[in-house]
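Here is a walk through one protein model, taken in two parts.

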Amino acid sequence: MPIHDWSKVIPGIFHDFHGDWIQVLKHTLNAGVLPADYYALSEQVAVGVAPDVLTLDQVGGTRSDSDTSGSALVTAQPRTRFATEMGVQVKRRKNRITVRHATNDRVVAIIEIVSPGNKSSRHAIQAFVGKAVDLLANGVHLLAIDLHAPTRRDPNGIHSLIQEEFGGPAFALPTEKEFTLASYEAVRPPRAYVEPVAVGDAIPDMPLFLKPGGHVLVPLDQTYLKAWEGVPVRWRTVIEAPTSQQ
């Protein structure tokens, strides 16, 4: 399924698609993509970030990676266009309180789909980046999906700002690509696996780490297509129309 140009429509249309995509991802991950003792939930998050994220928890106990009741974790390094150790010097930290369930229903990974609102102001983009930094610094893996063009606040995409917070090497988007898919392994220093994409590209499946050295592949293309089917025809027509007709 080719990636669409969501700048052709008002942010609320992507917001609606975003909500459907989160739900489709949740159902798909829970239907066998995740190992048997992990589960995904869609959750509301604080103002300033996207309204829904997907969290992955591990049910109490330890499993063998060969458990046949669910997908086994992949231990080979993901193959993406860029793979970077981001550094360990966090430039900015926020004080936050995390509450963990006594029965070990702990958050191990989060999927974030960037919304236009995340880039709408300096405060919004700082809130998103700050949250990503806090998650990685506290051992929570992250997959960030950014299908919106860079702004003056993130000229090389949101991933470049996250990498900068860790003191990692500067990241520049290839000239022909304007979106980024970034999977972060929450180790010390964190590792980033980045795939730049553009309008018209097929959206590749991306790794989501559940523990250091172990990940599953998230079926982004399959789930994007399923969520796209829920976009009203009135807006699909606008999005799919050649630019000259806008």
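A cavity is a set of grid points where a 1.4 Å probe fits but cannot get out. The model shown here is predicted. A search of the whole structure finds 2 cavities of 30 Å³ or more.

The largest cavity holds about 40 Å³ of space. Its lining is made up of Val-114, Ala-144, Ile-145, Asp-146, Ile-158, His-159, Ile-162, Thr-180, Ala-182 and Tyr-184. Two or more of these residues come from each of β5 (141-146), α3 (157-165) and β6 (179-185). By type, the lining of the largest cavity has 7 nonpolar residues, 2 polar and 1 charged.

Around the second largest cavity stand Glu-112, Phe-128, Lys-131, Ala-132, Leu-135 and Leu-142. Helix α2 (residues 122-137) supplies the largest share of this lining, with 4 residues. Here 4 lining residues are nonpolar and 2 are charged, with no polar ones.

Now turn to the strands. Is strand β8 (residues 206-211) mostly covered or mostly open? In β8, 5 of the 6 residues are buried, so the strand is mostly covered, with buried meaning under 20% relative accessible area. Its partner is strand β9 (residues 214-218), and the two pair in the antiparallel sense over 5 bridges. Within this pairing, Lys-211 lies opposite Gly-214 of β9. The hairpin of β8 and β9 has 2 residues between the strands, and Gly-213 in this hairpin takes a positive phi near 80°.

Notes. Residues are numbered from 1 along each chain as its sequence is written. This is a predicted model: local features need pLDDT of at least 70, side-chain atom pairs count only at pLDDT 80 or more; totals for chains, interfaces and linings use all residues. Side-chain values use heavy atoms; hydrogens and water are left out. Buried means under 20% relative accessible area, exposed over 50%, partly exposed in between (1.4 Å probe, protein chains only). Two strands pair if DSSP finds at least two bridges between them. On a 1 Å grid over the protein atoms alone, a cavity is a set of points where a 1.4 Å probe fits but cannot get out, and a pocket is an open set with protein on both sides within 12 Å along at least five of seven lines; lining residues have an atom within 4 Å of a point. Grid points are joined across faces, edges and corners, and a volume is the space filled by probe spheres set on the points. Ala, Val, Leu, Ile, Met, Phe, Trp, Tyr, Cys and Pro count as nonpolar, Asp, Glu, Lys and Arg as charged, and the others, Gly among them, as polar.
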